[in-house]
Amino acid sequence: MGSANEVIVVHGNGNLAGEVAVSGAKNSALKLMAASVLGRGVTTLRNVPLIDDIDVMGEVLAYLGATVSRTDHVLTIDTASLTRNETPYELVTKMRASIAVLGPLIGRFGEARVAMPGGCQIGARNIDMHLVGLEALGVVFDVDHGIIVAHTPQGLHGAQVTLEFPSVGATENMLMAAVCAEGETVIDNAAREPEIADLCNMLNEMGAKISGIGTSSIHVEGVPVSQLHPCDHTTVGDRIEAGTFLAGGALTGGPVTVRGIDPDYLRMAITKLRSLGCEVETDQDWIRVSRTAPLNAIDIQTLPHPGFPTDLQAQFMLLAALGDGLSVITENVFENRFMFAAELMRMGADIDLEEHHALVRGVDGLQGAPVSATDLRAGAALVLAGIIAEGDTTVHGIAHIDRGYEDYVGKLSSLGADVKRVSASA
Ligand code: EPZ
């Protein structure tokens with residue numbers, strides 16, 4: 001677990017070049033762990049990142065009665081004899097992604113009690129679409145003192161559901177219930193993030209019958225939950241971690257090569273790197289970025305996949321902050337994901353915020369300063385900013401980074417950055 005009283009100190013040496021292997025995708029592995037609830041027995045998950053959020057999901061599964069063990073990047077989860085179908089407030093507030101167990105608990109037990117997740121720094125993070133989608137499958141919900149109480153008086157049945165917004169979480173929760181609903185389910189306007197396809201592939205390896213994987217119209221033919229069985233599945237590479245290191249390479253000129261990632265997951269980010277003036281080469285499992293020309297200004301709209309990912313917005317705002325001219329960055333996915341801008345302005349960036357738009361005027365350079373991470377992506381971007389800033393940058397709130405980046409300091413150091421973790425009281 002990242003220590004709450006540590007900080008990351010970066011000395012601006014302008015160095016980031018070399019090759020780094022990305023870890024497994026946090027935003028897939030967490031849901032694959034939840035899906036293990038649907039198969040009675042031992043599930044093996046490979047390429048699981050060593051990050052704090054995985055440990056919390058492990059606590060959630062252990063609370064349900066599963067036995068979770070890890071050897072390096074391999075997780076084994078024995079769900080043969082679960083003893084609970086509920087997830088308490090203290091675990092859900094620790095990590096709102098715990099809500100991903102709602103669908104599988106309903107699928108396995110026909111009922112569940114999961115604490116309402118709170119909001120977080122980047123937005124309210126409602127789950128109304130999760131509940132509406134599950135209600136269409138026959139789930140009846142009550143809320144009892146902050147606990148969502150789900151039951152299925154007539155059992156789970158298939159339905160044709162169109163999501164109001166291609167919500168990643170809502171798509172996942174619906175999928176994990178629909179696989180064992182009676183009859184056919186069609187999820188239209190489904191999220192198309194690569195992690196959804198990874199979950200669908202694992203569910204099919206468990207005996208589910210899902211088609212339309214990777215499209216916005218996913219078809220599920222329900223099977224009895226007793227027919228779903230554990231499997232051995234390898235998590236896809238983390239496209240957001242990869243995009244973070246690529247942004248670092250674009251910042252310093254690189255070249256930076258990220259390995260263990262399908263470039264097809266980052267088409268829009270690669271397009272934007274090229275618009276920024278970078279050269280980008282790809283092969284089936286690596287991407288290389290370099291830059292010799294000055295950074296151009298850029299316009300970015302964050303959108304559901306395959307649009308530009310909101311989880312790379314902060315990292316690319318940093319690039320825009322040093323671009324030649326005025327960039328406009330529009331955040332369409334979360335209502336409050338510009339806190340990073342305020343921290344970057346402390347380092348000398350010139351940014352005006354107007355509701356969902358950030359107007360970023362390029363400056364010649366940044367100055368090191370004490371800054372605070374507000375979410376894991378902003379934190380990661382602040383460390384990158386420190387690499388090219390003049391002087392030293394101290395990043396506080398690095399527990400955010402530890403939630404989603406495996407050995408971030410070690411990987412950056414291996415690329416030549418002068419970055420270290422120190423005790424905050426040092
Ligand atoms: C997942 O969050 C990711 N988290 C997020 O990554 C990512 O930013 C997001 O998808 C979009 O790609 C995990 O997978 C653990 P959504 P999720 O449901 O599922 C609103 C990171 O940095 N909404 O697609 O919560 C919601 O408030 C994290 O790794 C509703 O209003 O994303 C948000 O504004 C940050 N009602 C928007 O939709 C709902 O029922 C997108 O949410 C559901 C969502």
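## Threonine 171 and its surroundings

The side chain of T171 has a polar atom 2.7 Å from the backbone oxygen of S167, and the side chain of T171 also reaches the backbone nitrogen of A191 at 3.0 Å. A polar contact is a pair of N or O atoms within 3.5 Å; within protein, one must be able to donate a hydrogen and the other to accept it, and residues adjacent in sequence count only if both atoms are side-chain atoms. The model is predicted: local features need pLDDT of at least 70 and side-chain atom pairs count only at pLDDT 80 or more, whereas totals for chains, interfaces and linings use all residues. Residues are numbered from 1 along each chain as its sequence is written, and side-chain values use heavy atoms, with hydrogens and water left out.

T171 belongs to helix α6 (residues 168-178); helices (H or I, at least four residues) and strands (E, at least two) are DSSP runs, numbered from the N terminus. With a relative accessible area of 0%, T171 is buried (buried is under 20%, exposed over 50%, partly exposed in between; 1.4 Å probe, protein chains only). Leaving aside residues up to four places away in sequence, T171 touches L163, I187, A190, A191, I196 and I218, contact meaning heavy atoms within 4.5 Å.

## The four-stranded sheet

An open sheet of 4 strands runs in the order β10-β11-β13-β12, with mixed pairing; two strands pair if DSSP finds at least two bridges between them. β10 (160-162) and β12 (209-211) are the edge strands, each with a single partner, so one side of each has no neighbour in the sheet.

Strand β10 runs parallel to β11 (residues 184-188), joined to it by 3 bridges. T162 is placed opposite D188 in β11.

## Packing of α8 and α10

Helices α8 (residues 239-252) and α10 (residues 313-321) pack at about 10°, their axes 9 Å apart. Axes are lines fitted to C-alpha atoms, for helices over the stretch in contact, and angles run from 0 to 180 degrees between N-to-C directions.

From α8, I240, G243, T244, A247, A250 and L251 meet Q315, F316, L318 and L319 of α10.

## Backbone features in loops

The peptide bond from G254 to P255 is cis, with omega near 5°; P255 lies in the loop between α8 and β15 (256-259).

D72 has a positive phi, near 60°, and is exposed at 53% relative accessibility.
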